[in-house]
Amino acid sequence: MGLRNSHPKLYPGDILEFPGNSYFSHFGVYYGERDGVPYVAHLTIRESDTKLLLYGRAMNASVKLDPLDVVGKKYKVRNYLDDKHPPRDFYVLIKPEIDEIILKPITFDILFNNSEHQATMLRYGVKKSEQIEKIYSKIVPTWKDLFEKKTI
């Protein structure tokens with residue numbers, strides 16, 4: 001059985017991880033179907049904002065609702081905090097929040113407000129980014145080292 005057909009059944013409120021480049025994955029929250037098309041709410045940056053590459057920040061990000069296929073063909077369900085935080089009710093809390101914030105300007109910040117933070121915030125009411133925590137634990141000692149050696 002090919003990877004393409006192995007997608008699990010999705011439930012509104014599921015966190016989806018779309019593998020990205022070697023460092024970062026992109027995350028979204030499954031919104032459900034409209035006219036038979038599955039949609040994902042995800043924090044996204046306008047392509048024009050190339051400053052992100054320099055500073056890890058972008059002022060003109062927003063949560064968008066896009067068809068699942070547009071966001072990515074490869075994905076997996078990553079409800080990884082379910083055992084620590086009960087998922088919030090999709091119809092009572094998550095969906096109205098998504099509908100409320102869609103297209104409002106949000107500052108994207110790779111360390112503090114990325115697509116994973118946004119997805120966990122919607123599902124659990126808690127901001128978390130495992131991928132940043134992993135990298136951060138590697139980056140910080142290196143930076144500290146360089147500071148102490150006065151090389152930066």
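Two notes on the model: residues are numbered from 1 along each chain as its sequence is written, and side-chain values use heavy atoms, with hydrogens and water left out. Since it is a prediction, local features need pLDDT of at least 70 and side-chain atom pairs count only at pLDDT 80 or more, while totals for chains, interfaces and linings use all residues.

The chain holds five helices and six strands; these are DSSP runs, at least four residues of H or I for a helix and at least two of E for a strand, numbered from the N terminus. Along the sequence they read β-β-β-α-β-α-β-α-β-α-α. Of the 152 residues, 38% count as buried, meaning under 20% relative accessible area with a 1.4 Å probe, protein chains only.

Now to strand E1, residues 15–18. Ile-15 and Glu-17 point one way, Leu-16 and Phe-18 the other, and all are buried. In a regular strand the side chains alternate between the two faces of the sheet. E1 pairs antiparallel with E2 (residues 26–34) over four bridges, pairing being at least two DSSP bridges between two strands. Ile-15 stands opposite Val-29 in E2. E1 also runs antiparallel to E5 (residues 76–77), joined by two bridges, and there Leu-16 has Val-77 as its bridge partner.

My last stop is Asp-66, in strand E4 (residues 57–67). What does the side chain of Asp-66 join in a polar contact? That would be the side chain of His-42, at 2.8 Å; a polar contact is a pair of N or O atoms within 3.5 Å, where one must be able to donate a hydrogen and the other to accept it, and residues adjacent in sequence count only if both atoms are side-chain atoms.

How values were computed:
Buried < 20%, exposed > 50% of the residue type's maximum accessible area, 1.4 Å probe, protein only.
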